[in-house]
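The reader may wish to keep the sequence and the structure in view while following the text.

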Amino acid sequence: MLGCKPAPTPVNSSIKLHADEGIPLTDPSSYRRLIGRLLYLTHTRPDIAFVVQQLSQFVSTLHQPHMQQAMRIIRYLKNALGSSPLYAADNSFRIHAYSNSDWATCATTRRSVSGFCVFLGTALISWKSKKQTTVSKSSSEVEYRSLASLTCELQWLQYLLTDLHISCPTPYSVYYDNNSAIHIAKNPTFHERTKHIDIDCHVTRQKLQDDLIKLIHVSSNNQLADVFTKSLYSSPFNTITSKLNMHNIHIQFEGG
C-alpha cells in the first residue's frame, strides 16, 4: 500500500456495510490480522475508532466490501500518518465530555451506536465507539443509553483521579444535543414511556443529584462525539478532528 492514493477520510460515507453482501473472501486471515492491528491503533487514533468498530463485526462473515473499506483506512492513515492527540504541558485540570448516538446504525441488526469523548482541559483522555447490546425502539432511548455509558466512564475517571491525588472540580460538564434525553434525566417522575430504560435513567439521574455531572445542551454542529457514531464527509470530519486537538506531528516537523 506504499504507492496507494491517500484518502481524506477513513470511511466512505455513501456506503452501508452489510453482513452478507458482496463476494465472500476465500482467505479471511489477512483481514482479521489487519483489523487486529487497527484495534490496537485506536488507542492513539480516535479518528478511526468508529470505522474499526464497524469492521470488527464482520471478522467471521466477511466479504469483499469489508476488505475494501479496511484498505480505505490504510489509505487514510497514509494521508495523516503522524496525527495524534496533543497533550499540552500547561493543561488545566477540568473535565468536560461529549456524548452522542446514532439510531439503528447497523444495517444487519438495526442496533444503534454509542460514542463519547472526555477531555481533561484541552487534552482528549478517553473515547469510545460501541454498538449497543439491544435494539432500541426510539431515538430518545438510544441517546439515554449512550448518556448512561458516559456517566459510568466519568464516575470511573473520578475514582482514578482520586487515587492519583489529582483534584478536578465537579460537576463535570456533559455536552449533549438531544433535549429529550436531558429532560428525562432531570425529570424525577417515571412514566410509561421510560419504564424500559429505568436502570439507565437511575444511573444518570443519581449522578446528576450527586453533582458529578452537569448536562448542557449543545447544537448538533458542535457535537464532537459525532465522529464516534457515524461516517462523516470530509469537511465535518476535519472540523471535528481539529476540535479533538489532534495534530499531525509530521507536518509540524517538516515545517520546522
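Tyr98, Phe119 and Tyr175 are linked into a cluster by ring pairs, in what is a predicted model. Under the criterion applied here, in which ring centres must lie within 6.5 Å, three aromatic pairs are counted. Two of these pairs are set out in the table below, because a pair of aromatic rings is described by the distance of the centres and the angle of the planes.

| Aromatic pair | Centre to centre | Between the planes | Arrangement |
|---|---|---|---|
| Tyrosine 76 and phenylalanine 237 | 5.7 Å | 80° | edge-to-face |
| Tyrosine 98 and phenylalanine 119 | 6.2 Å | 80° | edge-to-face |

The pair of tyrosine 76 and phenylalanine 237 counts as edge-to-face because its planes are 80° apart, and the cut-off for that class is over 60 degrees. Tyrosine 76 belongs to helix H3 (residues 64-79) and phenylalanine 237 to helix H7 (residues 234-243), so that the contact ties together parts of the chain 161 residues apart in sequence. Tyrosine 76 and phenylalanine 237 are both buried.

The backbone calls for separate comment. Most residues other than glycine have a negative phi, and most peptide bonds are trans. Against that background, the peptide bond that joins threonine 170 and proline 171 is cis, with an omega of about 5°; proline 171 is placed in the loop between helix H4 (139-163) and strand S5 (172-176).

The loop between H4 and S5 also holds histidine 165, a residue that is not a glycine and yet has a positive phi of about 60°. Is histidine 165 buried or exposed? Its relative accessible area is 76%, and histidine 165 is therefore classed as exposed, the cut-off being over 50%.

A positive phi, near 60°, is likewise found at aspartate 211, which is a residue other than glycine. Aspartate 211 sits in the loop between helix H6 (198-209) and strand S6 (213-217). With a relative accessible area of 46%, aspartate 211 is partly exposed.

Terms used. Residues are numbered from 1 along each chain as its sequence is written. This is a predicted model: local features need pLDDT of at least 70, side-chain atom pairs count only at pLDDT 80 or more; totals for chains, interfaces and linings use all residues. Side-chain values use heavy atoms; hydrogens and water are left out. Rings of Phe, Tyr and Trp (its six-membered ring) pair if their centres lie within 6.5 Å; planes under 30 degrees apart count as stacked, over 60 as edge-to-face and the rest as tilted. Helices (H or I, at least four residues) and strands (E, at least two) are DSSP runs, numbered from the N terminus. Buried means under 20% relative accessible area, exposed over 50%, partly exposed in between (1.4 Å probe, protein chains only).
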